[in-house]
Amino acid sequence: MDGKWVRPWAPSIVEYEGGSQRVFESYVAKNSCLQTPHSSELPDLERRLRSITVRIIENPFDPAERLASAKVLLMLQYPELVIPEVHKVLLLMHLNRKPDMRSSQHSGGIGLRSALFVLAQALFVARCFSECITVIQRSISITSQNGCHRGHTVSDFLDHLKLKEYAERALRHEKRYLLQEDTWRDSGEQEILQTIRKGDVKVVAYPWLPEALFRRSENAIQRANNTLEALSQNKLVIKKSRLSDTLRSYGQIQHDQDAYGIFAMTDIPADTKLFLDKTILCATDGSYRCATCCADLSLGASRFLGKLYCDRNCFRNLRAACGLGTFYRYEQDLGETVSRPEGFQSFFADHDLEETTGKEEIFLFQRALEVVYKSTQRYPGRHPLQTRMLNYLTARYHDGAGASKRFSYTEDVCLRFEFLQKLGVDIFQDELAEAWVLETLANRIQTNMRGYSGGNGDDMVAVNTMYAFFNHSCQPNVKSSDSEDEDSAICVTTTRKIERGEELYVSYLSDEDLREGHDVREEKLRPWTGGMCLCRKCSRERRRTERPVSLYNDENRCPSQ
């Protein structure tokens, strides 16, 4: 964040169409620090953020500077970055790195209350209303225990009560809004609470993200091509899409974002198996599966260092990519972690990862962190976002519907920091622990992740880095299928004859969804496109209803990353 801004500023706060939106807008209107900054204010905010970041680099254990950074990030409307920054402030107070911060103004700890209030405000604008209430109640209890000593403290106390009231109202509105939806009317109380426990933030490209970390480098694409050519026996190649300008004109990629696709290097007959893409970037909630590739081990397994694998090759592949962190993260105590601030033990104790929906996605991100950490240890000068495999990926950045993701303080901040510390990462000084780096990495994973189920009901997720280069069409000329071994591999096969130079497309939708009408398909594709699907099939169906016609000339093309 100490670098010059090289791309337009875009906030990550999500606006809802119903539910808690009116309550949200009412609270924001009464707090100037939460309102959208005017364009004339952005240069000063950039200068302040860069200056504070430089001071944090010089002294990473100063909670006052980190709290100042959090307040600027809150004005820039990046709650997903504010929350980790304040979390570090609380950890530093817990470690007594800056004892005068805790005792400033009064022994009651007004510095702590100030940090908790900023944290609660960030949780509110991130729509994490349940966690906001938990944090603000903790701050109110501190004030109640120590009393109000000065005039402005009384005002602060009232601000806390007001935020708690707004968060409780917003939470009630969210629950009522869900119950009005047909799909939620028969849901249980616990399922609804699990859903509204999380908030939402937009996926954005941060303005200080340099081109070298935003675009895929020529070297990365060349390495990917070497891999793809070997897998496909020189049938396929990765090239820039001819439709990049059109994608930009529709706002489906950023103005300086790249767009690649997979092309045929020769004529390819129908029903030709193109390649099998296997990956270690995978995770499962199943217990009897390979620690490397998630294959079903019911017919036999090999055990190394307390973990189950298909064979010694899988063990070696994982060790080469992740090091020993993978093998010991649950069995060994890798040192004391300080990821739970003092006074919040009860808050975290209520969160059981085993009962979390989508926990395999958490495990997948942890696997990615292991790969990145091993890379930064091997190549100290390499930025975490330049890690091989992960630098093949790009995130979706568009302004349309579906450009948001779920967010939780507990899962997206606390669990991440705990895991990083178990790996041996210094969360105050290491680049890998910077919030914007973690968010950018998480956005890449989420955009390219695919989910699938095993025959025994185990849920699995994987990021296949070669498969991720395929773009979407509602009339795909390539189909994908899961491996017979139920591992992380995905098999790609042509559905018709492919001409030399033709781009290949898969469907991001299921076969069942592809049989739906245009409007249904387009709605399901919004997370990738943000708007219209522009393939030939969708363009033809839009013409029938006199809707805008696609500018695309390619007969299959649908925009994607």
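Strand E12 (residues 478–482) and strand E13 pair in the antiparallel sense, over five bridges. That is where I want to start today. Two strands count as paired if DSSP finds at least two bridges between them. Helices (H or I, at least four residues) and strands (E, at least two) are DSSP runs, numbered from the N terminus.

First, some ground rules. This is a predicted model: local features need pLDDT of at least 70, side-chain atom pairs count only at pLDDT 80 or more, and totals for chains, interfaces and linings use all residues. Residues are numbered from 1 along each chain as its sequence is written, and side-chain values use heavy atoms, with hydrogens and water left out.

Now the overall picture. The chain has 21 helices and 14 strands. Of its 561 residues, 56% are buried. Buried means under 20% relative accessible area, exposed means over 50%, and partly exposed is in between, with a 1.4 Å probe and protein chains only. Next, contacts, meaning heavy atoms within 4.5 Å. Take the contacts in the chain with a separation of 6 or more: residues 24 or more positions apart account for 73% of them.

Back to E13. Which strands sit with it in the sheet, and in what order? The order is E4-E13-E12, three strands in an open sheet with antiparallel pairing. E4 and E12 are the edge strands, each pairing on one side only. From one strand to the next, the twist averages 20 degrees. For those angles, axes are lines fitted to C-alpha atoms, for helices over the stretch in contact, and angles run from 0 to 180 degrees between N-to-C directions. As a general point, strands of a sheet pair through backbone hydrogen bonds, either parallel or antiparallel.

Look at the partners. Strand E4 (residues 273–277) pairs with E13 over four bridges, in the antiparallel sense. Phe 275 has Val 492 of E13 as its bridge partner. Ser 480 also stands opposite Val 492. Asp 482 stands opposite Ile 490 in E13.

Is E13 enclosed or open to the outside? Five of the five residues of E13 (residues 490–494) are buried, so the strand is largely enclosed by the rest of the structure. Ile 490, Val 492 and Thr 494 point one way. Cys 491 and Thr 493 point the other way, and all are buried.

Next, strand E3 (residues 260–264). E3 is mostly covered, with five of its five residues buried. Tyr 260, Ile 262 and Ala 264 point one way from E3, and Gly 261 and Phe 263 the other way. Strand E2 (residues 236–240) joins E3 through five bridges, running antiparallel. There, Lys 239 stands opposite Gly 261. E3 also pairs with strand E14 (residues 503–506), antiparallel, over two bridges. In that pairing, Phe 263 stands opposite Glu 503.

On to the rings. How many aromatic pairs does the structure hold? There are 15. Rings of Phe, Tyr and Trp (its six-membered ring) pair if their centres lie within 6.5 Å; planes under 30 degrees apart count as stacked, over 60 as edge-to-face and the rest as tilted.

Take Phe 304 and Phe 315. They are stacked, 4.9 Å centre to centre, with 25 degrees between the planes. This pair links distant parts of the chain: Phe 304 is in strand E6 (residues 302–304), Phe 315 in helix H13 (residues 312–322), 11 residues apart. Both Phe 304 and Phe 315 are buried. Why is the pair of Tyr 309 and Phe 315 edge-to-face? Their ring centres are 5.6 Å apart and their planes are at 80 degrees, so the pair is edge-to-face. Tyr 309 is buried, as is Phe 315.

There is also one aromatic cluster formed by Phe 24, Tyr 27, Phe 124, Phe 129 and Tyr 166. The charged end of Arg 127 sits over the ring of Phe 24, 3.9 Å from its centre. A charge sits over a ring if NZ of Lys or CZ of Arg is within 6 Å of the ring centre and within 35 degrees of the ring normal. Likewise, the charged end of Arg 7 sits over the ring of Phe 214, 4.0 Å from its centre.

Last stop: Thr 36. This residue lies in the loop between helix H1 (21–29) and helix H2 (42–58). Thr 36 is exposed, at 54% relative accessible area. Leaving aside neighbours within four places in sequence, Thr 36 is in contact with Trp 9 and Gln 77. Thr 36 and Gln 77 are 41 residues apart in sequence and 7.2 Å apart in space, C-alpha to C-alpha. Their side chains are joined by a polar contact of 3.3 Å. A polar contact is a pair of N or O atoms within 3.5 Å; within protein, one must be able to donate a hydrogen and the other to accept it, and residues adjacent in sequence count only if both atoms are side-chain atoms.
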